Amino acid sequence: MFQIRVHGRGGQGVVTAAEMLSIAAFLEKKHAQAFPSFGSERMGAPVMAFCRISNKEIRLREPVLEPNALIIQDRTVIESSNAFQGVVENGFVLVNSSVEISNPVKNVNIKCIDATGIALEHVGRPIPNAVLLGSFAALTKIIKIDSVIEAIKTKFSGSIAEKNIKAAQIAYEETLKGI
Amino acid sequence: MLYQLEGSQAIAKAVALCRPKVICAYPITPQTHILEGVGELVRNRELSDCEFINVESEMAALSVAIGAQATGVRSYTATSSQGLLYMIEAVYNASGLELPIVMTLGNRAIGSPINIWNDHSDAMSVRDAGWIMLFAETNQEALDLHIQAFKIAEKVKCPVMVCVDGFILTHAYDRVDIPPQGEVDEFLPSYVPHVSLDVDNPIAIGAMVSPEYFMEVRYLAHRRQTDSLEIIQCVGEMFQQKFGRDSGGLVRRYCVDGAETIIVTLGSVAGTIKDAVDELNLDGQSFGVISIVSYRPFPAEIIMNSLKNARKVIVVEKALAPGVGGILSQEIELALKNTKVEIVSVIAGLGGRSITKLMLKECFLMKDHARTTFLGLKEDIIAREYTPMKCCGCEGST
């Protein structure tokens, strides 16, 4: 089972990111579960969401405590949310940041990408979730970029979907180059 | 067909497949997405020939459902927590009037202090209100139980509440298999009312019943509930034959045969418990799990037969009766009263406190359980906040 925890702030599409991940995995015939950390649905408040991907039925309903991958949509929540807690050895950490951040955990694959910048340029709004999923596909290879694109289409429509897909593809290519 | 959907949307789709003619509800977290889902299905005519009625409160929501059902149409509503408390007079009326309404309860704690997260306090507050109460373990089961609920309700002439863990299921994206409309229509034909208000043929329902007859009315309600055990089991079997899924029935048994210790629970936490039990059994332990689907009527005999050979029964329960302890565990004790099985209660997950596999495993392996254990209780907070009380006149008096 591959477990993902998404950190960010209310309004950044944290819950939608986890849901799109689960849809992408479902499209690849895997079992997937996504759920929010429930409750504090206020703009700007720290928010968490979780996703599990597995080849068999997922019965576990606890929060993701030992993530194989972290997606951090807003680096200002890292300290207050203790975001790196429990991440497994050789796990993946994807951070939305225009500057490199110091690696607080040993033995993880950390990748920073300016997802907000890419979103502003290609979508016109500072919502980094779809961009980060493109990068996530390249970094972890747990899901294919084509599945991410199909998942984006289930959550967005029209030109917003097209723009998010383009932004996700750009992040995917940029991340592939950096590996 | 398989979909990856939020639990609330899966429930909304299931309700629409049952073709209710009237839906009325008042939004409350965590039920809201269900309400939005069915509202959208009515608006875009995926559910046609159905009136979605906006009301000003939960009391009105269930009252409208009662009125609609009494005119002879299939009706549906949904609520959570304080919303259920606000409609409680109508909850008793619906069962007393023998109206087969189906209601989803997105299980949530009851305040004060206000808390929007999951536990089973709301369901337990109406356990004696005469409704059939079914608990879903997964979103697939939640979907399947709604389809079965209408069939059971209409057969027994009793309203059915489908209890679905708030957030943990209602807000979780999972894989669900949604059956085609034609198959649901075959399983659940059009509603044929046993009573129907009609201005051209006036009758009265819900008239006052005097002491000469009230006891008999209540006795009949009890008999219908106990008789419905067989019907709930039978509808579950029919569902399996039709759709190929083992959903519903009275209880769900997992690794029970020969198990030394059996965990008993309600709702979605059974999944985490099964994972915990699998790991313990791989280490040479002997655990089984029973999750109760039908909490009302209470399948005491099946539970007794499933548990009587165990050494210990651990009841993991998400509700508390202050001054007593667990609620479900009392009913398990009653079911096992003529046996020597040790029964302990683990109060867990109140107000949405996370229940982890690790916490459960440590708890299950404890050698000596207290009668009641509070899983993950923060003892330091209790020590700081609780001062033992003494009666004012006793201390130092001679």
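Predicted model: local features only at pLDDT ≥ 70, side-chain atom pairs only at ≥ 80, totals over all residues.
Close-up 1. Residues are numbered from 1 along each chain as its sequence is written, with chains lettered from A and ligands numbered from 1 in the order in which they are written. Strands (E, at least two residues) and helices (H or I, at least four) are DSSP runs, numbered from the N terminus. β5(A) and strand β6 (residues 109-113) of chain A pair in the parallel sense over 5 bridges. Pairing requires that DSSP finds at least two bridges between two strands. Strand β4 (residues 69-72) of chain A also pairs with β5(A) in the parallel sense, over 4 bridges. Here A:L70 stands opposite A:V93.

**Close-up 2. Strand β5 (residues 92-96) of chain A is largely enclosed by the rest of the structure, because 5 of its 5 residues are buried.** A buried residue has 20 or more other C-beta atoms within 10 Å of its own; exposed means 12 or fewer, partly exposed in between, with C-beta atoms placed from the backbone. In a regular strand, side chains alternate between the two faces of the sheet. A:F92, A:L94 and A:N96 point one way from β5(A). A:V93 and A:V95 point the other way.

**Close-up 3. Helix α2 (residues 32-43) of chain B has 12 residues.** From first C-alpha to last, α2(B) reaches 16 Å, close to the 16 Å expected at 1.5 Å a residue. That expected span is 1.5 Å times one less than the number of residues. B:I34, B:L35, B:G37, B:V38 and B:L41 are buried in α2(B). They lie on the same side of α2(B), because they cover an arc of only 160° around the axis. The arc is that of the directions from the helix axis to the C-beta atoms. B:R45 follows α2(B), with a positive phi near 65°.

**Close-up 4. Domain 1 (2-243) and domain 2 (251-379) are assigned in chain B.** The bounds come from an automatic or database domain assignment. The domain centres, taken over C-alpha atoms, are 27 Å apart. In contact are 27 residues of domain 1 of chain B and 21 residues of domain 2 of chain B. Contact means C-beta atoms, placed from the backbone, within 7 Å. On the side of domain 1 of chain B that touches domain 2 of chain B, α9(B) gives the most, with 5 residues.

Technical notes. Contact = placed C-beta atoms within 7 Å.
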